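Biologist: Before I use any labels from this model, I want to know what each one rests on. Please show me the structure.

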Amino acid sequence: MIQEYAADLAAQMGIQLSQVSVVEGRRVGCLDVHLLNLAIDDHRVSTLVYQSELDDLQGGSYCERLELKIRSALSRLQLILAP
């Protein structure tokens with residue numbers, strides 16, 4: 001669900017992502033944090049998202065903090081791609 005949410009926010013900002021992935025925190029010893037990777041071709045940015053934010057999104061609640069994190073990461077990606 002987070003992948004679709006991030007792709008939708010990217011589309012609203014005029015960005016076509018080539019990849020959206022989530023690295024579960026358990027794989028690196030963190031139980032309540034995940035790494036959200038956003039990429040366009042070979043350019044990638046990441047942001048940390050908390051399990052509680054994902055739970056809110058899954059439950060249909062608006063999570064302003066999660067939206068701001070993703071929009072900030074997408075803005076960083078735009079800066080990387082700027083000529």
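This is a predicted model: local features need pLDDT of at least 70, side-chain atom pairs count only at pLDDT 80 or more; totals for chains, interfaces and linings use all residues.

Biologist: Why is Ala 10 called buried?

Modeller: Buried means under 20% relative accessible area, exposed over 50%, and partly exposed in between (1.4 Å probe, protein chains only). Ala 10 has 0% relative accessibility, so it counts as buried.

Biologist: Where is Ala 10 placed?

Modeller: In helix 1, residues 2-12. Helices (H or I, at least four residues) and strands (E, at least two) are DSSP runs, numbered from the N terminus.

Biologist: What makes the buried residues of helix 1 lie on the same side?

Modeller: The buried ones are Ile 2, Tyr 5, Ala 6, Leu 9 and Ala 10. They cover an arc of only 135° around the axis, which puts them on the same side of helix 1. The arc is that of the directions from the helix axis to the C-beta atoms. Glu 4 and Ala 11, on the other side of helix 1, are exposed.

Biologist: Which residues does Ala 10 touch, not counting those up to four places away in sequence?

Modeller: Ile 15, Leu 17 and Leu 74. Contact means heavy atoms within 4.5 Å. Leu 74, leaving aside its neighbours within four places in sequence, is also in contact with others, including Ala 6, Leu 9 and Leu 38.

Terms used:
Residues are numbered from 1 along each chain as its sequence is written. Side-chain values use heavy atoms; hydrogens and water are left out.
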